[in-house]
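Here are my notes on this one, as numbered points. Have a look at the model alongside them.

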Amino acid sequence: MSTTGATSDPLAALGSLPGVAESVESVRKAVDRVYGHRIMRRRSNEITSEAALRGARGSAALSGADWALEEVRRRTDFSGDDEARVVGAALRLTAEAGQLLSIWRQSPLRVLARLHMVAAAGTGDEVGRPRGNGEPVDEPLVELALPDADEVSGRLEGLSRLIIAGSSAPALVTAAVVHGELLALRPFASHNGLVARAAERIVLIGSGLDPKSVCPAEVGHAELGRAAYLAALDGYVAGTPEGMAAWIAHCGRAVELGARESTAVCEALQRGAA
């Protein structure tokens, strides 16, 4: 996303793209339905915990580890094969995201570095910092052209300035741009998809749209499927108004599906309490 132009609030300008206002309103209604559920008044902590688990499972699925929910719930050791490590990374990121809310608005790049450290769980010098020129990126499911290190640095700085300055844009728009920009740039040597989706979660929580983190967009992204996810990302990378609007709408639909998932959890808990 270009951070230059005539407007001083480019995120807000995206909110006026055709169809975006409708997506924002649809998301708001879906979120309100979850928060208005009677079970949320008494058992919101349980809904939050379940949403975290399901969100981590969804994010891992998009990164190639499509495990059944009960397998994720059952496992205690994620140090085995590559898929297990991906699921473990997704779970760690979901747990970490809520601890970084107070830092995000002041230092988003610090948060992104921390997210990568948590996901990678390694000690190499590539962990927790943007990649340099010539450094490989392990992100096989995203096959877009890879921006060079100078472009990555400049665009990360631009994104950081936008977040620190604040915006009148709806939370969905900001979350979608953060998510799309990180996937487009793939600034780290690995785990960029997981980090991008965790950053989207941080924006949705910190903005007040989903303060209890019960509407896991990762669930929706996984449900919509990898092909639709990557096709929508192509629209974001193209940078056209139509492409940007389509990506924002895709992210909005993912949040709605996450909200629907938690509504179903609420209904199941209510039936069990009856």
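At what angle do helix 9 and helix 12 pack, and how far apart are their axes?

1. This is a predicted model, where local features need pLDDT of at least 70, side-chain atom pairs count only at pLDDT 80 or more, and totals for chains, interfaces and linings use all residues. Residues are numbered from 1 along each chain as its sequence is written, and side-chain values use heavy atoms, with hydrogens and water left out.

2. To the question: helix 9 and helix 12 (residues 226-238) pack at about 90°, axes 10 Å apart. So helix 9 runs roughly perpendicular to helix 12 (65 to 115 degrees counts as that). Axes here are lines fitted to C-alpha atoms over the stretch in contact, and angles run from 0 to 180 degrees between N-to-C directions. Helices are DSSP runs of H or I, at least four residues, numbered from the N terminus.

3. On the helix 9 side, Val-177, His-179, Gly-180, Glu-181, Leu-183 and Ala-184 meet Tyr-229, Leu-233, Tyr-236 and Val-237 of helix 12 (contact means heavy atoms within 4.5 Å).

4. Helix 9 (residues 171-185) is largely enclosed by the rest of the structure, because 15 of its 15 residues are buried (under 20% relative accessible area, 1.4 Å probe, protein chains only). Just after helix 9, Arg-186 has a positive phi of about 45°.

5. Over in helix 7 (residues 108-120) sits His-116, which is buried at a relative accessible area of 1%. Neighbours within four places in sequence aside, His-116 touches Glu-126, Val-127, Gly-128, Phe-188, Ala-189, Ser-190, His-191 and Val-195.

Methods
Helices (H or I, at least four residues) and strands (E, at least two) are DSSP runs, numbered from the N terminus. Buried means under 20% relative accessible area, exposed over 50%, partly exposed in between (1.4 Å probe, protein chains only). Angles under 35 degrees count as roughly parallel, over 145 as roughly antiparallel, 65 to 115 as roughly perpendicular and the rest as oblique.
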